[in-house]
Amino acid sequence: MKYRIAVLAALTAAWTGPVLAQAKDPTIAGIEKYREMLGDDNPAELYEARGEQLWKKKAGPKNASLEQCDLGLGPGVVKGAYVQTPRYYADADRVMDMETRINWCRMNLQGVSEADIRKRPFGSADKPSEIEDLLTYVVTASKGMKMNVPTDHPKEREAFQLGQAVFHMRAGPYDFSCATCHGEDNLRIRLQELPNLTKAEDAKRAYVGWPAYRVSTSRVHTMQWRINDCFRQQRLPEPRYMSEAVNAVITYMAQTGNGAEYKGPALKR
Amino acid sequence: MKTEKQPTLSVALAIGVATALMAGCATDRSAYNPSPEVIKHAMAAFKRDFDAKGAAGLDRLNTDKLQDVCNATNSKPSPDMAAVVEREQEAAIKLPADGKFLGDWKAGEKLAQSGRGMTWKDKAGIPNGGNCYNCHQISPAELSYGTIGPSLLHFGKTRGNSPEIQKYAYSKIYNSKAFSACSAMPRFGHAGALTETQIKDLVALLLDPTSPVNK
């Protein structure tokens, strides 16, 4: 894939170049340069196109499309819905992020079984999962809008509080929590800069960075995937997809970083 | 200062409550001062919403006393509480039976580079990496290093290579929490993540005069 070759070549140059102690600067400059080079081209567009088709296609045991799915702004409203999630949904009586909500519609409108939804939430480069396509379609429809995540419902406050506590909970053989790496300013793992997700400024930047097309894996990764991979690196067991714990952590980050402009699916190394 | 010798977890939790109450009027949502109820709720969510996978079993969610103290205080225990848990962690350190601390710095460098091990994707039975460069600057040639921990460049050059320093370096890698109760650094020996031989190799990387760290 031409994107991949171009960006990887460029990133490799940035990573192996003569970097000094402040090595992050050339690396980041490298990434920015390639983003610039690609302009608005992001392979996530392929996911978006497939996602739109899936959204409109009748499927599942109930042979229904997702066009009547209520993402929070009423049945069928896709534009602007993403920037107002995670949120409390009265019909499900719980706080959900957008990925969970789309799956909820697949289960309730199309009759897809929960077992099927859980079978393969995270795809591969060769075979993306349907939710990755659908989510990319839905989030792209909020491009250019400001994150405006609701925070007033008691369950939304509760989710923030639980998410904050889960984020800070140290456990496992390495005593890690999310906060071990993402709780202070200006830290790095190797050359990778770590946003301090407990503070608005970093959380704003980081939150709108997902979902993202990753050049190194040639695919779109969702926020549910990102949280899953963080817990993997914490050496903990696997957080269940769409669970309250995962949605709470996402809600904590979203509310902490509220207000940033959403620029569409990101492009990452 | 408290006179009691063994503050218990309930003391830590009580401190947590007091801090939470004090923070009640703060408007900064980033402040985190967990109440025991919040901790309990989060722990219940962990136990309910996580599944065992590969080498990462559900037993990893069973926190030990040290983790409980750090969780109750957002990793900022009182000096008294910190001293108590540090002494407990120190008492559990197993020093090498042969009394030798210095291994092979070249093996140590390889180990320091490796970040593998103990995730649900890692195969059991293969030696774990030390993860050192993820957080520390060590050998001058390696420019891709993290900054979560302090720079260890010239570690031995500035501290010498005495038996006391060797024992200190070994103990610190074995159990960092014996020195700083809620340090971000894993307890590599205590947790069984690194073997005695591996820790000796890392000590050599830091202290051997021929190691690049000390050039």
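Me: Angles of 65 to 115 degrees between helix axes count as roughly perpendicular; in this predicted model, why are α7(A) and α11(A) called roughly perpendicular to each other?

Reply: Helix α7 (residues 154-168) and helix α11 (residues 244-256) of chain A pack at an angle of about 100°, with their axes 7 Å apart. An angle of about 100° falls within the range of 65 to 115 degrees, and α7(A) and α11(A) are therefore roughly perpendicular to each other.

Me: How do you know that α7(A) and α11(A) meet, and which residues are involved?

Reply: Contact means heavy atoms within 4.5 Å, and by that criterion residues of α7(A), including A:F160, A:L162, A:V166 and A:F167, meet residues of α11(A), among them A:A248, A:V249 and A:Y252. By class, this contact of α7(A) with α11(A) has eight nonpolar, six polar and two charged residues.

Me: What makes α5(B) roughly perpendicular to α9(B)?

Reply: In chain B, helix α5 (residues 105-113) and helix α9 (residues 196-207) pack with their axes 7 Å apart and at an angle of about 100°. With 65 to 115 degrees as the range for the term, this angle makes α5(B) roughly perpendicular to α9(B). The contact is made by residues that include B:W105, B:L111 and B:A112 of α5(B), together with B:L202, B:A204 and B:L205 of α9(B), and its residues divide into seven nonpolar, two polar and two charged.

Me: How do you know that the largest cavity lies between domain 2 (44-140) and domain 3 (154-268) of chain A?

Reply: Lining residues have an atom within 4 Å of a point of the cavity, and the residues lining the largest cavity include A:Y82, A:M98, A:L135, A:Y207, A:M223 and A:I250. The elements that give two or more residues to this lining are α4 (98-108) and α10 (223-233) of chain A. Both domains give residues to the lining, so the largest cavity lies between them. Its volume is about 60 Å³, and the search of the whole structure finds three cavities of 30 Å³ or more.

Me: What makes the peptide bond from A:W210 to A:P211 cis?

Reply: The bond from A:W210 to A:P211 has omega near 0°, and is cis; A:P211 lies in the loop between α9 (200-207) and β5 (212-214) of chain A, and A:P211 is also one of the residues lining the largest cavity. The peptide bond from A:T85 to A:P86 is likewise cis, with omega near 0°. Most peptide bonds are trans.

Definitions and conventions. Residues numbered from 1 in each chain as written. Chains lettered and ligands numbered in written order. Predicted model: local features only at pLDDT ≥ 70, side-chain atom pairs only at ≥ 80, totals over all residues. Heavy atoms only, no water. 1 Å grid on protein atoms, 1.4 Å probe; cavity = no way out; pocket = protein on both sides within 12 Å on 5 of 7 lines; lining within 4 Å. Points joined across faces, edges and corners; volume = space filled by probe spheres on them. Helix = DSSP H or I, 4+ residues; strand = E, 2+ residues; numbered from the N terminus. Domains from an automatic or database assignment. Axes fitted to C-alpha atoms, helices over the stretch in contact; angles between N-to-C directions. Parallel < 35°, antiparallel > 145°, perpendicular 65-115°, else oblique. Nonpolar A, V, L, I, M, F, W, Y, C, P; charged D, E, K, R; others polar.
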